[in-house]
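The stops below tell you what to select and what to look for.

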Amino acid sequence: MKIWQIGIEIVDDVYSMVEKFPKDERFGLISQISRCSISIPSNIAEGSSRTDKSFSHFIDVALGSSFELETQLIIAFKRNYINKEQLTKIEFKIQEFQKMTMGFQNKL
């Protein structure tokens, strides 16, 4: 599934980013961002084995996690943990995921 693949790419990008965050954020923003990004492809994978109605719920959760991730990355940018270029690049990928996922969900 293309949306699952983009979700995996987002996780990989996020993990590369958070490696450079201050160590004192390990149990704060790093943990939150990491868990949130992992939630995106994980919910798609889990939901894919369910009925369409149930799958739609898991898609909702994945979408919610993507919006939450965007917010957390804006916070990271404001804290100067990532630069504008990094933020723009990942935001583009997240927004691509959101558009594709909403389109996919509408077809269920």
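This is a predicted model: local features need pLDDT of at least 70, side-chain atom pairs count only at pLDDT 80 or more; totals for chains, interfaces and linings use all residues.

**Stop 1: E91**

E91 belongs to helix α4, which covers residues 84-107. Is E91 buried or exposed? E91 is buried, because its relative accessible area is 17% and the cut-off for buried is under 20%. The C-alpha atoms of E91 and I10 are 9.6 Å apart, although 81 residues separate them in sequence.

**Stop 2: the aromatic pairs**

How many aromatic pairs does a search of the whole structure find? It finds two. Select F21 and Y81 for one of them: a tilted pair, with 5.2 Å between centres and 45° between planes. F21 is in the loop between α1 (2-18) and α2 (29-47), and Y81 is in the loop between α3 (52-78) and α4, so the pair ties together parts 60 residues apart in sequence. Both F21 and Y81 are buried.

Next, select F55 and F104. Their ring centres are 5.6 Å apart and their planes meet at 70°, so this pair is edge-to-face. F55 sits in helix α3 and F104 in helix α4, so the pair links distant parts of the chain, 49 residues apart. F55 is buried, at 5% relative accessible area. F104 is partly exposed, at 27%.

**Stop 3: K84 and F77**

Finish by selecting K84 and F77. The charged end of K84 sits over the F77 ring, 5.4 Å from the ring centre.

Methods. Residues are numbered from 1 along each chain as its sequence is written. Side-chain values use heavy atoms; hydrogens and water are left out. Helices (H or I, at least four residues) and strands (E, at least two) are DSSP runs, numbered from the N terminus. Buried means under 20% relative accessible area, exposed over 50%, partly exposed in between (1.4 Å probe, protein chains only). Rings of Phe, Tyr and Trp (its six-membered ring) pair if their centres lie within 6.5 Å; planes under 30 degrees apart count as stacked, over 60 as edge-to-face and the rest as tilted. A charge sits over a ring if NZ of Lys or CZ of Arg is within 6 Å of the ring centre and within 35 degrees of the ring normal.
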